[in-house]
Amino acid sequence: MSPTGYFLCLLLVWQGCDATMDMSYDVNEDILDIDVALGLDTGVGIRCVEGSPKGEDLQEYCRPLTPQERLRLNRTASDLVVLTVTRHQKDGLNRFLRSAKVYNYKVQVLGEDEKELTEEKTLQLVKDALKSFSDDPEKLVLYTESADAILSAGPVRVVEEFERSKSNILVSADGFCWPDRTLEAKFPKVMRGKKFLNSGGFIGRAGILNKLFSDYPEEKSLQMLFINTYIKEAARDKYNLNVDHMSNLFQNLNGATGDVELRFAGKDAYLQNTLYNSVPIVIRGNSHSNLILHTLGGYLGRAWNPEEGCKSCWDDMITVDLADEASVPKVTLAVFIEKPTPFLEEFFHKINALTYPRSKVNLYVHNSVEFHNKMVSGWIETVKPEYASVKYVSVDENVKEWHARNSAIDHCLENDCQYYFSIDSEAHIDNPYTLKLLIEQNRDIIAPLLIRPYKAWSNFWGAITNDGFYARSLDYMEIVQAQRRGLWNVPYVTSSYLLKRSLLDNEDTKPSFIKNLLDPDMAFCENMREKGVFMYVSNRLDFGHLVSSEKFDPTRMNGELWEVFENRWDWELRYLHTNYSNAVSPNTTLEAPCPDVFWFPLFKERYAKEMIETFEHIGTWSDGSHNDPRLEGGYESVPTIDIHMKQVGMEEQWLEILRVYVQPIQLKVFEGYFNDVGPPRAIMSFMVRYKPDEQPFLKPHHDTSTYTINVALNRPGIDFKGGGCRFVRYNCSVTDTRVGWVLMHPGRLTHLHEGLYVTEGTRYIIVTFIDP
């Protein structure tokens, strides 16, 4: 049995519900049957979940519909018309119209030719539209604002809720008295529900609405017309005008976001008002609650459900055929390096790997970091011949980020681009098809979801506070963790996003990265929100990730060596040996060149090379004598020429490497040994240098450790000759050491060992005494 069928048998009090019934459907099926089946048109299904409540008229409505009722409701619903006005917020209107289309509503959009819609003009537009129905006074007319509204169920439920209200006119409820708070006391008391009204949503018969509007010609707004009618008992009774106090039909979210919960029934999402146990149909993000509506809009109106995922993602998509280069849209690729950023080399590699014809790309690069100047300049010189054009704004030009980003938009227009793709240096685009996929999604602003691996930090905010800063939305973690995949309308995107040309051409929507003293990304998003432009983030596929630059120190040579905490994902890709995962696997047997001496790959050659460069650059080598002020007591019994990890500020990072990568191997090969205190302890971790004219060998000795690791950093026979490690008791030597590989052996008692003579060159190793 399908999940929907199970849901029906469980929740609906239907006669003869058969367990084999198949209630799967398509949006083009009969809306009445669908909505009644899921309880989204009659209220019978969802509302029966908790104790079979009765309606406001005390009549039981948790019941199946008779055939006659179904026919009557269907006829009334098919004749229902929805009036709405557009305030030139295209995205909001399109969202509303999509939800109307899904449920087969008939919609008339008013004011499309008006440059500006005042309250008085809106009232006049509604009056004029109602007059066109003067020959059909029984026609049911529903009005709502389109920019901040979504329809979440079909017209049959609208008709049923209206008829249950026993009203001639039903107006949405509000928790606030506006625009004139002095009228609060004049509103009649209510036993339960919101006391005041909001003209952003109402429903009534065309005849009675026409009469009401003609009786009050002096009113200048819908809100005051309804207020002045409702607060007068005689007028209220004359028109039988009521307020939807408990949000059975209309839900205004302003001041009521804590009253509602997003829920799912089969293939439909719905909004449950938990305060009044109602399931409203017309959901409005009025006033400051429009951002909540943006979140809910990702689900309501059959936009997303747990069974089928994102349905609305397929709306208006286009196809980009990369094989037909002539038809591929022109793109301005804007790259911004605004702060010292680790793993910038890999960042550029991923831009190079984008699957998109470079002849159709105009490159714009802004670099404000002196530290990166050489790398950025070198990259541009390499790729410059491949792009349609290149504009480089270097650090020497001293152009501020705000102005550079605005300039990049102008550069896009000057080059007649069709899309503008912005990438900051922290954004690693791992999916080479990202640009193509974003263009095909066909949205004005769309960002690929990028996260910091292993963390909840991403390049979008699901919600914001009243002063415009981060707040967590109800679905943020589900989106970041890919538990829900789709296309999400969010108030803030950063790091990487695609803009459509039509947005840039319109002066009313052209992006600007300047607003007061806000950072450029904050300014951009606030400007777009004020213009009513939706910003989407997509996690339909995995697109890439973010690096963290907060703790990156550009004064260090090879600063990425220290990034094992902040950017472990990138650190591993650059430095961790490709075969390490195989070595740590329980099913793999490690090489053992000598008894109880285990050999395994840990680092790539690049790690070894950069470690040598870094330690030689620091250059604070010990003198190889027994006198060592770095040690407690100042005496070293088996001295070497070395530099301690602590001296280069890498001790914490090295201990983390021991915990994450070395300890799992130790637990695998030295069975029965568990460090009771947790992660490995290491007081002595250091790089040793052997040279014929300095310290060519090390005499036999035991280590002050439970076990020791020895990491080879350069190549025997090439970088040096001789050298190696001999275990005296077993007369077993390891001389053919491998770069980045670890020798792990017991430290005390059994494994007396010596460092063999280096005859030429310089040998480097890292030694750590673990659990002394």
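Trainee: In this predicted model, which residue of E26 is the bridge partner of Ser422?

Mentor: The partner of Ser422 is Tyr497.

Trainee: What makes strand E17 and strand E26 a pair?

Mentor: Pairing requires at least two bridges found by DSSP. Five bridges join E17 (residues 419–424) to E26 (residues 496–500), so the two strands meet the criterion for a pair. They run antiparallel.

Trainee: Let us turn to E14. Why is Leu333 called buried?

Mentor: The limit for a buried residue is under 20% relative accessible area. Leu333 has 4% relative accessibility and therefore counts as buried. Leu333 lies in strand E14 (residues 331–337), and the residues touched by Leu333 include Ile351, Val361, Leu363, Tyr387, Phe421 and Ile423. Its C-alpha is also 8.6 Å from that of Tyr419, although 86 residues separate Leu333 and Tyr419 in sequence.

Trainee: What makes E14 a mostly covered strand?

Mentor: Seven of its seven residues are buried. In a regular strand, side chains alternate between the two faces of the sheet. On one side of E14 are Val331, Leu333, Val335 and Ile337, and on the other are Thr332, Ala334 and Phe336; all are buried, and both faces are covered.

Trainee: In which sense do E14 and strand E15 pair, and over how many bridges?

Mentor: E14 and strand E15 (residues 361–367) pair in the parallel sense over seven bridges. Within this pair, Ala334 stands opposite Tyr364 in E15.

Trainee: What is the strand order of the open sheet of six strands?

Mentor: Its order is E2-E1-E3-E6-E5-E7, with mixed pairing. Strand E2 (106–110) and strand E7 (241–244) are edge strands, as each pairs on one side only. The twist here averages 25 degrees from one strand to the next. Strand E3 (residues 140–144) and strand E6 (residues 196–205) pair in the antiparallel sense over five bridges, with Val141 opposite Gly204 in E6.

Trainee: Why is helix H8 described as largely enclosed?

Mentor: Nine of the nine residues of H8 are buried, so H8 is largely enclosed by the rest of the structure. Among them are Leu222, Met224, Phe226, Asn228 and Tyr230. Helix H8 (residues 222–230) lies across E3, strand E5 (169–174), E6 and E7, and runs at about 85 degrees to E6.

Trainee: How do you know that Arg95 has no salt bridge?

Mentor: A salt bridge needs a side-chain nitrogen of Lys or Arg within 4 Å of a carboxyl oxygen of Asp or Glu. For Arg95, the nearest side chain of opposite charge is that of Asp148, 6.9 Å away; Arg95 is buried yet has no salt bridge. A polar atom of the Arg95 side chain does lie 3.3 Å from the backbone oxygen of Ala147. Arg95 belongs to helix H4 (residues 90–102).

Trainee: Asn277 and Asp416 both have positive phi. Are they buried or partly exposed?

Mentor: Asn277 has 18% relative accessibility and therefore counts as buried. Asp416 has a relative accessible area of 48% and is therefore partly exposed. Asn277 is in the loop between strand E10 (268–273) and strand E11 (282–284), whereas Asp416 is in the loop between helix H13 (401–414) and E17.

Trainee: Finally, which residues does a cis peptide bond join?

Mentor: The bond joins Trp178 and Pro179, with omega about 5 degrees. Pro179 lies in the loop between E5 and E6.

Notes. Residues are numbered from 1 along each chain as its sequence is written. This is a predicted model: local features need pLDDT of at least 70, side-chain atom pairs count only at pLDDT 80 or more; totals for chains, interfaces and linings use all residues. Side-chain values use heavy atoms; hydrogens and water are left out. Helices (H or I, at least four residues) and strands (E, at least two) are DSSP runs, numbered from the N terminus. Buried means under 20% relative accessible area, exposed over 50%, partly exposed in between (1.4 Å probe, protein chains only). Lys and Arg count as positive and Asp and Glu as negative; His and the chain ends are not counted. A polar contact is a pair of N or O atoms within 3.5 Å; within protein, one must be able to donate a hydrogen and the other to accept it, and residues adjacent in sequence count only if both atoms are side-chain atoms. Contact means heavy atoms within 4.5 Å. Axes are lines fitted to C-alpha atoms, for helices over the stretch in contact, and angles run from 0 to 180 degrees between N-to-C directions. Lists of a residue's contacts leave out its neighbours within four places in sequence.
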